[in-house]
Amino acid sequence: MKKILTLAFSAASLIVAGTAVTRAADLTTSYPEQDQDQRNGVKIGYLDCQIGGGVGYVLGSAKEVDCTFHSTVGKERVDHYSGAIRKMGVDLGFTTRGRLVWAVFAPTAGYHHGSLSGLYQGATAEATLGVGIGTNILVGGTSGSIHLQTVSVTGQLGLNVAATGTSVTLTSVD
């Protein structure tokens, strides 16, 4: 009986947290133009990624991503990126879709087409029971000039648990 109550409480907690993340992911994202990060960069926009569904195969998974960069500095600029998220580690279950939003920083308020292309590496932890959440800690990109917020949150739908090493590859789409 205790196991059933514990499982029910855990499931309810994940559903409540997942609902909050899903609602937050659907809100319009806007950032003040001149926010500073720890590296004295300027927040120049955000990268909104739609993550394709897929199955975790015990030791890892790979999913396609379709991302759009939205500038919050000066003239509104939109650039598109495609790529993949690859995970290596414990990844069990499936997800039907997901969303990830990253803040984008630069040393100055400038941005050049394709600047976010590159390889980002780190770790991911996720829990999904219907609606779920995940946390990513990723670093990398283009020679340290323009970079993504190191810690990000993912919202997804499905049934999945993962604790993995993660890499995200982004390529500019013309």
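**Notebook: aromatic pair, strands, disulfide and nonpolar patch**

I looked for aromatic pairs and found that the structure holds one. For this search, rings of Phe, Tyr and Trp (its six-membered ring) pair if their centres lie within 6.5 Å; planes under 30 degrees apart count as stacked, over 60 as edge-to-face and the rest as tilted. The ring centres of Trp-102 and Tyr-120 are 6.3 Å apart and the planes stand at 35 degrees, so I recorded the pair as tilted. Trp-102 belongs to strand E2 and Tyr-120 to strand E3, so the pair ties together parts that are 18 residues apart in sequence. Both Trp-102 and Tyr-120 are buried. Buried means under 20% relative accessible area, exposed over 50%, and partly exposed in between (1.4 Å probe, protein chains only).

I noted the basis of these entries: the model is predicted, local features need pLDDT of at least 70, side-chain atom pairs count only at pLDDT 80 or more, and totals for chains, interfaces and linings use all residues. Residues are numbered from 1 along each chain as its sequence is written, and side-chain values use heavy atoms, with hydrogens and water left out.

**Strands**

I then looked up the strand partners. Strands (E, at least two residues) and helices (H or I, at least four) are DSSP runs, numbered from the N terminus; two strands pair if DSSP finds at least two bridges between them. E2 pairs with strand E5 (residues 151–173) in the antiparallel sense over 20 bridges. Strand E3 (residues 118–140) also runs antiparallel to E5, joined by 20 bridges. In E5, I found Val-168 opposite Ile-85 and Thr-166 opposite Gly-122.

**Disulfide**

I searched for cysteine sulfur atoms within 2.5 Å of each other, which is the rule for a disulfide, and the count came to one. Cys-49 and Cys-67 form this link, with their sulfur atoms 2.1 Å apart. The link is right-handed, with 110 degrees about the S-S bond. Both cysteines, Cys-49 and Cys-67, are buried.

**Nonpolar patch**

Finally, I examined a nonpolar surface patch of about 580 Å², made by Val-58, Leu-59, Met-88, Val-90, Leu-92 and Val-161. Patch residues have over 30% relative accessible area and no salt bridge; like charges are joined within 9 Å, and nonpolar side chains (Val, Leu, Ile, Met, Phe, Trp, Tyr) within 5 Å. A salt bridge is a side-chain nitrogen of Lys or Arg within 4 Å of a carboxyl oxygen of Asp or Glu. Accessible areas come from the Shrake-Rupley method with a 1.4 Å probe; for residues, only the protein chains shown count as cover. Strands E1 (42–71) and E2 (78–106) each supply at least two residues of the patch, and E2 gives the largest share, three residues. Met-88 lies in E2 and counts as exposed because its relative accessibility is 61%.
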